[in-house]
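Biologist: I'd like to go through a model feature by feature, with the general idea before each case. Can we start with the backbone?

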Amino acid sequence: MAELYAEALDIAQQLIRFDTSNDGRDIIEKPAADYIMDLLHEVGLEPDYLGPTPGRPSVVVRIPGKKREVEVDPETGERRGGVVIHGHTDVVPAVAEDWSVDPFGAQIKDGYLWGRGAVDMKNMDAMILAVVREIARTGYVPPRDLVVAMFADEEAGGHMGCQWLVSQHPHLFDGATHAISEVGGYNTYVDGKRVYLLQTGEKSLTWYTLRAEGKAGHGSQVNDDNAVAKLARAMAAIADEPWPLALTETVTKLLNGTAQLSGLPFDPQDEKTLRALVDALGPARAYVGATLRTGANLTSMNGGYMANVIPSAAQGSVDVRAIPGTEREVGARIAELTEGLTVGMLHDADGYECSTEGSFVDAMVGALKEKDPQAYVLPYLLSAGTDNKALGSLGIAGYGYSPVRVPEGFDFPAMFHGVDERVPVDSLSFGSQVLREFIDRL
């Protein structure tokens, strides 16, 4: 396992040093994808290298397992086929002057690996690649087919990565019934107990564009057809909308489990009680707290070019994350609040919830507890989005399972897209061992 850890650390550092910021360039993921191709070719694997443009490739390789066909559990109805283990090679941009280290230097300092992508998600990419290379070198045959994918463009919605592959090359995922990726498998602490959060679902993701039109004119005149005013009223209404509490099965199980570990009461109708339980989850509250209800955040607003000119149009954008199963109702309400405006969508993907029980979940939980006997594991709903949404259109159940063990007090969720992103170096060893154990248990 020491060699596996050393390799994972080395790969993570190499990947971080590739500036794969998803910032509109023609060539973003290619240098990292080329490096990954070399790593896989070196151990005798023959991956596919595909993308809509030469500079935006994804890498996919299948490792045949002992059981190739999809099985159905006669008691639970659980389908058991191949498993997609996926990461993404792009990252969000980093403003170097805001950081205390070079964001693409992959520096090791104070027991942490620093750099853009250290958490999101080149650490997981590296663990996956190290495990896959170990499997290939030893000739190990996994219990089920493994489809290992390193996708492009996840940070911008996956249109040039996972979504493109699902649309244009769905055969790559034939026979797959489950998938693992970010953003789960990390731990927090509840009353001193180490609790790993297994992501079993995601809120929906809709990026709305709003356009208001009116009459252009001089700022000194009366104007009852002001585009900026129309847009402002609609956006203020969205921001002030009192979305109701809507606890899904996953969120209910998480908060009930947190209540049992903390000794706090759980009342699904009492928001004060719910907030206390969310706070008990420590830094994880940043994600969990956003899963109690639909959320809508205003993200941009612009129009006009001079202070004394009323423009003929104004534009804005809104990021809406609906609770799974409520997407239609939320969409209808947004339409009511934006009546009279032209509404478009930059991205639209429904949320989902997977089963919190079954043999696949047992394999994930069992692997964590094997490597951390003190672990408690609870399901949670992710308020953000991942490439699992696109795979879901092929009937593949997606879970967030990127095993990371962090010390108490470390704000792991804040590392996602944050300044001075970093991950404990020893978590690469822990995560690699958990992934290897998980594959054995499939």
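Biologist: In which loop does Asp 153 lie?

Modeller: Helices (H or I, at least four residues) and strands (E, at least two) are DSSP runs, numbered from the N terminus. Asp 153 lies in the loop between strand E8 (146–151) and helix H4 (162–168). Before we go on: this is a predicted model, where local features need pLDDT of at least 70, side-chain atom pairs count only at pLDDT 80 or more, and totals for chains, interfaces and linings use all residues. Residues are numbered from 1 along each chain as its sequence is written, and side-chain values use heavy atoms, with hydrogens and water left out.

Biologist: What is the phi of Asp 153, and is Asp 153 buried or exposed?

Modeller: Its phi is positive, about 65°, although Asp 153 is not a glycine. For accessibility, buried means under 20% relative accessible area, exposed over 50%, and partly exposed in between (1.4 Å probe, protein chains only). Asp 153 counts as buried because its relative accessibility is 4%. Now take Asp 191, in the loop between E10 and strand E11 (193–202). Asp 191 is not a glycine and has a positive phi of about 55°, but with a relative accessible area of 56% it is exposed.

Biologist: Which peptide bonds are cis?

Modeller: Look at omega. The bond from Asp 120 to Met 121 is cis, with omega near -10°, and Met 121 sits in the loop between strand E7 (112–114) and H3. The bond from Glu 182 to Val 183 is cis too, with omega near 0°. Val 183 is in the loop between strand E9 (176–181) and strand E10 (186–190).

Biologist: On to packing: which residues is Ala 130 in contact with, leaving aside its neighbours within four places in sequence?

Modeller: Contact means heavy atoms within 4.5 Å. With those neighbours left aside, Ala 130 touches Leu 4, Glu 7, Ala 8 and Ile 11. Ala 130 belongs to helix H3 (residues 122–138) and counts as buried, since its relative accessibility is 0%. For a sense of separation, Ala 130 and Leu 9 are 121 residues apart in sequence, and 8.9 Å apart in space from C-alpha to C-alpha.

Biologist: How many disulfides does a search of the whole structure find?

Modeller: A disulfide is a pair of cysteine sulfur atoms within 2.5 Å. The search finds 0. The closest cysteine sulfur to that of Cys 162 is in Cys 354, 14 Å away, so it is too far for a bond. Cys 162 is buried at 0% relative accessible area, and Cys 354 counts as buried at 14%.

Biologist: And what volume does the largest pocket have?

Modeller: On a 1 Å grid over the protein atoms alone, a pocket is an open set of points with protein on both sides within 12 Å along at least five of seven lines, and lining residues have an atom within 4 Å of a point. Grid points are joined across faces, edges and corners, and a volume is the space filled by probe spheres set on the points. Here the volume is about 530 Å³.

Biologist: Which residues lie nearest the centre of the largest pocket?

Modeller: Of 27 lining residues, those nearest the centre are Glu 154, Leu 205, Ala 384, Gly 385 and Thr 386. The elements giving two or more residues to the lining are H4, strand E12 (205–213), strand E16 (313–321), strand E17 (342–349) and helix H11 (388–392). E17 gives the most, with 3 residues.

Notes. On a 1 Å grid over the protein atoms alone, a cavity is a set of points where a 1.4 Å probe fits but cannot get out, and a pocket is an open set with protein on both sides within 12 Å along at least five of seven lines; lining residues have an atom within 4 Å of a point.
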